[in-house]
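Please look at the sequence and the model first.

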Amino acid sequence: MDKLMNNTWFMRIIALLIALMIYLSVNPDSSRNANQVSENQPQSSQIFPKPPGTKKTDQPAPNESSATIENVELKAETGNENYVVSGLPDTVSVDISGPSSQVTIAKQRRNVEVYADLTGFEPGEHEVELKYRNLDSSLKVGIDPGSVKVKIDEKTTKEFPVEASFINEEQIAEGYKPGDPVLNPKTVKVTASKEVIKQISYVRARVNLQGADQDLKQQAQVIVYDKAGNILPVQASPGTIEVTVPIQSPSKTLPVKLNQTGEPPEGVTIRSISISPSEVTAYGPQNILEGLKEITGPDLDLSKIKDDSVVELGLPLPEGVKELSEQKVQVKIDVDKEGEKVLKGIPIETAGLDEGKSIEYLDPSAQAFDITVTGLEEQLKKISSKDFQLLVNASGLEDGEQTIKVEVKGPNDVKWSLPQEEATIRISGTQS
């Protein structure tokens, strides 16, 4: 022994070993490399003894720190895809302590996984200790809660019809209202335990109508409810569906009023004008509709109407109105056209001839005129010679040739003309 103690190399080796032990005791990261446990290897929550030098308080040792990772998703691993697990909390908290560098890394990565390992478990109720992975083995880990009670059931899948459910309907734009929604698809499949499937009463796709003033198309979340209206913690497939909701704006039915321009061509009289449809529905903001009394527009140029016609005219969109139920209207125009009719040989009657005198018609010698009648064609069809009377008033006329106006009596709704307005007659006294 004395020889060894006096050996320089022996003492150097002893000094090196002592230095290495001191280094490892103050640098845990280095010691981690010597640890053969992988980060990804599943580990259970456990309590580690406090490092050397740690006081009996909760204060961490020098170069160490602690932290809590909140809201870590909790999963169940059954190893059997036909099983469904209920009773798991959605998240857990993970407390970690150890080398400050590893605590910082764990907090930044947030890749710790916590799960209930149910591999090999049969359907039924179980209490299991939670496990974790993806944390450095140098860390001390505590999971809250550390164990959970779960129930394993066999999965079953059932198809359910989906209906739209409106939310914030009272906040839709003023005066607007939703129409019948269209869902795509109209059914979803729900996979859960048989017990949960039995609890399902209805399935809804929720659509937010807040501020809607035009048709909506949304990817709506599918929610599963029980009979009491409680949301069941099951996942539908698909989890969202497309819902289209027509949004109906305020409306008002208004008459259509034509804007007639121009004058009918000569010889043409407008008998009637009708519009189809005579009323249309206007859609738009309530305050705009309240100010409308009619749809004024389309222009009808009467100067272009020569015969009975049916024309299609576009309706102008009043300012502020979003839509009209009809974009065009049909206008039917019935016209009366003037014509002529000649009534031949209407006799001239003589009135007021003094007693004892005679009258001879020199021009017209036949004591008759043809009369030309002008009027609407429909009226002319009803006119005949019997409707006219030509009259010469011979009262007080002296003997000899006389030119005297021929009076005409006829219907008031037609016009007429004679070849000449006067007749030449000869008045003679009675021969004794």
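A polar contact is a pair of N or O atoms within 3.5 Å; within protein, one of them must be able to donate a hydrogen and the other to accept it. The model discussed here is predicted.

Q: Which residue joins its side chain to that of S93 in a polar contact of 2.6 Å?
A: S93 belongs to strand β4, which covers residues 91–99. Beyond its sequence neighbours up to four places away, S93 touches T68, I69, E70, G142, I143 and D144. The side chain that makes the polar contact of 2.6 Å with S93 is that of E70.

Q: Is S93 buried or exposed?
A: Buried means under 20% relative accessible area. S93 has a relative accessible area of 16%, so it counts as buried.

Q: How many helices and strands does the chain have?
A: The chain has 432 residues, of which 31% count as buried. Among contacts between residues at least 6 apart in sequence, 71% join residues at least 24 apart. The count of elements in the chain is seven helices and 30 strands.

Q: What is the distance in space between V103 and D136, C-alpha to C-alpha?
A: V103 is found in helix α4, residues 100–109, and counts as buried because its relative accessibility is 2%. Leaving out residues up to four places away in sequence, V103 has contacts with S65, S66, A67, I96, S97, G98 and L139. V103 and D136 lie 33 residues apart in sequence, and their C-alpha distance is 8.9 Å.

Q: Which strands stand at the edges of the open sheet of four strands?
A: The order of this open sheet is β20-β17-β19-β22, and its pairing is mixed. An edge strand here has a single partner strand, so one of its sides is left without a neighbour in the sheet. The strands in that position are β20 (295–301) and β22 (323–324).

Q: Which residue of β19 is the bridge partner of K252?
A: Strand β17 (residues 251–261) and strand β19 (residues 279–283) run antiparallel and are joined by five bridges. In β19, the bridge partner of K252 is A282.

Q: Which residue in β14 is the bridge partner of K189?
A: β11 pairs with β8 in the antiparallel sense over seven bridges, and T156 stands opposite A192 of β11. β11 also pairs with strand β14 (residues 236–237), again in the antiparallel sense, over two bridges. In β14, the partner of K189 is S237.

Q: How many residues does the largest nonpolar core have?
A: The residues with the most contacts inside this core are V190, I200, V203, V224, I241, V243 and I247. Elements that each supply at least two of its residues include β8 (147–167), β11 (187–193) and α5 (194–199). Another core, of 24 residues, lies apart from it, with Y83, V94, A106 and L139 among its members. The size of the largest nonpolar core is 28 residues.

Q: What is the volume of the largest pocket?
A: The largest pocket is lined by 23 residues, and the closest to its centre are V84, V85, S86, L88 and P233. The elements that give two or more residues to this lining are β2 (64–77), β3 (83–86), β8 and β11. The volume of the largest pocket is about 680 Å³.

Notes:
Residues numbered from 1 in each chain as written. Predicted model: local features only at pLDDT ≥ 70, side-chain atom pairs only at ≥ 80, totals over all residues. Heavy atoms only, no water. Buried < 20%, exposed > 50% of the residue type's maximum accessible area, 1.4 Å probe, protein only. Contact = heavy atoms within 4.5 Å. Pairing = 2+ DSSP bridges. Core = buried A, V, L, I, M, F, W, Y, C linked by side-chain atoms within 4.5 Å. 1 Å grid on protein atoms, 1.4 Å probe; cavity = no way out; pocket = protein on both sides within 12 Å on 5 of 7 lines; lining within 4 Å. Points joined across faces, edges and corners; volume = space filled by probe spheres on them.
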